[in-house]
Amino acid sequence: MSSARQFLLSVLPSQTGDKTDEDGARVPSVTLTFAQSLDGKIAGVAGRQLILSGSESMLMTHWMRSMHDAILVGIGTTLNDDPQLNVRLIPETLRQDVRPPRPVVLDAYMRLPTNCKLLKNYSDGKGQQPWVFCASQECSPDSESAHAERIARRSTLETAGVVVHEIPCINGTGVCLFQKLFLIFRYIGFLSIPHLLRKLYEQDIRSVMVEGGATVIKSFLNQASQPRNTETPPVVDTLIVTVAPTLVGDDGVGYKVGFPGGELNGIPKFTHVRTELMGKDTVIAGKFI
């Protein structure tokens with residue numbers, strides 16, 4: 001067994017399928033993972049793709065994918081990187097025993113291009129049928145033209161081979177402490193992570209690997225920081241971060257955790273499990289508590 005697989009087996013939870021959320025609904029286990037530079041950047045200018053991981057840690061990522069039922073990314077990552085979300089780097093002699101994971105895209109307004117690699121791989125028999133999770137009707141502008149455009153977008157995606165799932169989005173206000181001032185902010189159109197996870201479980205997804213980008217990482221980290229009773233497991237079970245020995249600079253895209261200032265940051269509690277050197281990269285694994 002490779003060192004990458006041994007590392008993953010030692011840090012990932014067993015897939016029992018009995019995880020529940022705050023309301024008692026069954027949900028899949030969640031692994032949040034991404035690669036970053038030493039200065040905390042995950043993408044280049046304007047979200048352009050950066051190849052941060054070396055060959056060893058990239059292979060580890062593909063083994064990690066093989067250990068999950070689904071891989072999830074946001075539409076920003078899909079538009080910028082056109083990812084394949086498969087396990088192609090696993091040696092072919094071992095890949096035949098690996099079931100490819102389900103590609104899942106969070107795409108509130110159904111912007112997924114029909115010529116993307118996810119759909120090409122599916123049509124070529126090299127990947128599973130991609131799923132898109134979009135905002136439900138009540139989240140969309142209430143006009144006849146917007147409704148018609150929404151129907152047309154969905155029809156285009158489904159004709160191309162995408163399975164479209166609708167979930168609620170979250171609109172509202174929040175409060176954060178910044179420079180000793182309480183600030184009120186609005187958030188609009190973010191897909192509901194709790195509803196997403198319940199829907200995934202209903203579709204027989206028992207484990208999901210979340211790969212980014214920045215908005216999706218922040219959404220899951222914020223969910224991991226939400227208050228809950230002691231008997232409810234955290235929304236995110238495992239965090240695995242690959243740190244590449246390089247600097248990107250201030251123009252690169254990073255990710256954020258919580259809100260500015262004070263005790264209302266919403267920083268999730270995290271405990272270190274294991275650190276492994278894979279080629280030139282340092283891979284750090286921990287669990288949320």
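**Reading the cavity and a helix pair**

Mentor: Searching the whole of this predicted model turns up one cavity of 30 Å³ or more.

Trainee: What makes that space a cavity?

Mentor: A 1.4 Å probe fits there but cannot get out, so the space counts as a cavity. The largest cavity holds about 60 Å³.

Trainee: Which residues line the largest cavity?

Mentor: The lining includes Gln84, Leu85 and Asn86, along with Pro100, Pro101 and Pro103. Leu118, Asn121, Lys126, Gly127 and Gln128 are also part of the lining.

Trainee: How do those lining residues divide by type?

Mentor: Five are nonpolar, five polar and one charged.

Trainee: On to the helices. Why are helix 7 and helix 8 called roughly perpendicular?

Mentor: Helix 7 (residues 193-202) and helix 8 (residues 214-224) pack at about 95°. Angles of 65 to 115 degrees count as roughly perpendicular, and therefore this pair does too. Their axes are 11 Å apart.

Trainee: Which residues make the contact?

Mentor: Helix 7 brings Ile193, Pro194, Leu196 and Leu197, while helix 8 brings Ser219, Phe220 and Gln223. That contact has five nonpolar residues, two polar and no charged.

Trainee: What is the mean pLDDT of the protein?

Mentor: The mean is 89, and 89% of the residues reach 70 or more. Over residues 172-188, though, pLDDT is below 50, even with 33 contacts in the model beyond near neighbours in sequence.

How values were computed
Residues are numbered from 1 along each chain as its sequence is written. This is a predicted model: local features need pLDDT of at least 70, side-chain atom pairs count only at pLDDT 80 or more; totals for chains, interfaces and linings use all residues. Side-chain values use heavy atoms; hydrogens and water are left out. pLDDT is the predictor's confidence in each residue, from 0 to 100. Contact means heavy atoms within 4.5 Å. Axes are lines fitted to C-alpha atoms, for helices over the stretch in contact, and angles run from 0 to 180 degrees between N-to-C directions. Helices (H or I, at least four residues) and strands (E, at least two) are DSSP runs, numbered from the N terminus. Angles under 35 degrees count as roughly parallel, over 145 as roughly antiparallel, 65 to 115 as roughly perpendicular and the rest as oblique. Ala, Val, Leu, Ile, Met, Phe, Trp, Tyr, Cys and Pro count as nonpolar, Asp, Glu, Lys and Arg as charged, and the others, Gly among them, as polar. On a 1 Å grid over the protein atoms alone, a cavity is a set of points where a 1.4 Å probe fits but cannot get out, and a pocket is an open set with protein on both sides within 12 Å along at least five of seven lines; lining residues have an atom within 4 Å of a point. Grid points are joined across faces, edges and corners, and a volume is the space filled by probe spheres set on the points.
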